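Subject: Structure for you to look at

Hello,

I am passing on a structure that you have not worked with before. Please open it first; my notes on what was found follow below.

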Amino acid sequence: MDKFFKISERGSNVRTEIFGGLTTFFAMAYIVFVNPNQVAAEGANGWLAAEGANAAALGQVWNSVFVASILVAFIGTLLYAVYAKLPYAQACGMGLNSFFCTCFVSGAYFAGVDIIDGYHSGMVIVFISGLIFITLSITGARQYVAKAMPDCLKKAIPAGIGLFIAFIGFQNVDIIQPNQYTLLQFVDINGAIKSGDMSGVIPALLALLGLIIIAILAKYKVKGNVILGILITTVLYYVATWQLPSFDVSSIEQSFKDFGEIGITGIFQGQSWVDAFGGAHIGGIFNAIVLIITFCLVDMFDTIGTLYGAASEANMLDKNGDPIDIDKAMVCDSTATITGAVLGTSTCTTFVESSAGVAAGARSGLASLVTSLCFLACLFLTPLASIIPSCATAPALIYVGVLMLKSFGKVDMTDVRNAVPAFLALIMMPLTYSIANGIGIGAISYVLITLFTGNYKKKDIVITIIAVLFIFKFVTITM
């Protein structure tokens, strides 16, 4: 096992890899429930549900996506374990799942198209984008694009992802809350004290405490500090709220039934392909092509960004500053996307939460094997994934953000040609809630500044093409 996964070669051990794999799983286990909620507009009781068949159809889509989400996370992460042998995990991408709902589920409803037909047409679009992914990966085009990124963006991307991950952590437990005047504000502790109801701020306070616990353990160089912080915060949560973990397995059978009836059958129906290019909710062949390009573009750069971020944190970069075995990682990602489309869920991508496992010491595919097996167990023991509250995983995400910011210190901030694109990539990831958007805006600014300052060279052609594609995306798609 040590030789197969190169555990010792990468300066790790079995215990650390197991801890790392568990940490990654707990950090991203929320996707098991969040993804079907996003794709199916929260299901039969969600905002899109109405009386009769509409609610029933949304419930079926929710159940199908629930099972498919777990299966694709298992398969995609297992690919990383046994093929790429890297400590990363995959699952359905946030942002893309909401976009999927807008285009194909709620889009179908508002266009007067059957919701399940809309859902199936989306599977076709994702499937085609997956075929393009794997073609680009096998030919080496995707990794060529990644390696052609300017050095300032390579260094800014991990830091931007760190801010993005931390922002997700802050939001998950309402440490950062919406404000009608300033858009955002810190958790309202004073308001909770005045109202006499602290239930809304307890998770936020516990998350901040959990972050301090992880930091203290890290300072003392305690192995597995992140997973220990998660477990300690979990115990504190149930003590503070006087709750016990609850288990409800009654809906598992129905989920498998709906998955078999409408999930895995979607792309094998001829009508699904007709609807994908001619459905009223799509708007014609041109719009279908734009959607395919959008899914390709976002998934490609989400994955590239995540790989640079996680590999940087793990010190698994080659002499050129690129992630090791990036070609294998790209194949894993694109294969998982195709698998997800066949199973019946939105685009699968490498998850930024992989960095939580890396921060806990994961360096090999053994950690990914542990994560994948945890997802597989969720098929039958789903309630276990919900035992760990958000206030316990949020500190891990925030702590990873702290660690990943160090790469930004390597950017040459004395040269505006480097400083401005790097800063825009850094700040736009959390502010637009998209890794891809941050990379795109950084790429556009780099090309424009380089071009108009007389520093444009032949090597900048690739980043120019990337910038043009992102301009096309921003003009044609709201996301």
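**The hairpin and other findings**

Strands S2 and S3 are joined by a hairpin that passes through three residues. Please keep in mind that this is a predicted model. S2 covers residues 176–179 and S3 covers residues 183–186; the two run antiparallel and are held together by four bridges. Across the pair, Asn179 stands opposite Leu183 in S3.

Next, the aromatic rings. Twelve aromatic pairs are present in the structure. One of them is Tyr237 with Tyr238: the ring centres are 5.1 Å apart and the planes are at 75°, so this pair is edge-to-face, since an angle over 60 degrees counts as such. Both Tyr237 and Tyr238 are buried.

Another pair is Phe470 with Phe474. Here the centres lie 6.0 Å apart and the planes are at 35°, so the pair is tilted. Phe470 and Phe474 both belong to helix H22 (residues 461–476), and because they are four residues apart, about one helical turn separates them. Phe470 is buried, with a relative accessible area of 0%, whereas Phe474 has 32% and counts as partly exposed.

Ring pairs also link Phe25, Phe26 and Phe375 into a cluster.

The charged end of Lys85 sits over the ring of Phe4, at 4.1 Å from the ring centre. Likewise, the charged end of Lys328 sits over the ring of Tyr83, at 5.9 Å from the centre of that ring.

Last, the surface. Which residues form a nonpolar patch there? They are Leu448, Leu451, Phe452, Tyr456, Ile461, Ile465 and Leu469, and together they have about 680 Å² of accessible area. Two elements, helix H21 (435–452) and H22, each give two or more residues to this patch. Tyr456 is in the loop between H21 and H22. With a relative accessible area of 33%, Tyr456 is partly exposed.

Regards

Notes. Residues are numbered from 1 along each chain as its sequence is written. This is a predicted model: local features need pLDDT of at least 70, side-chain atom pairs count only at pLDDT 80 or more; totals for chains, interfaces and linings use all residues. Side-chain values use heavy atoms; hydrogens and water are left out. Rings of Phe, Tyr and Trp (its six-membered ring) pair if their centres lie within 6.5 Å; planes under 30 degrees apart count as stacked, over 60 as edge-to-face and the rest as tilted. Buried means under 20% relative accessible area, exposed over 50%, partly exposed in between (1.4 Å probe, protein chains only). A charge sits over a ring if NZ of Lys or CZ of Arg is within 6 Å of the ring centre and within 35 degrees of the ring normal. Two strands pair if DSSP finds at least two bridges between them. Patches are made of residues with over 30% relative accessible area and no salt bridge: like charges are joined within 9 Å, nonpolar side chains (Val, Leu, Ile, Met, Phe, Trp, Tyr) within 5 Å. Accessible areas come from the Shrake-Rupley method with a 1.4 Å probe; for residues, only the protein chains shown count as cover. A salt bridge is a side-chain nitrogen of Lys or Arg within 4 Å of a carboxyl oxygen of Asp or Glu.
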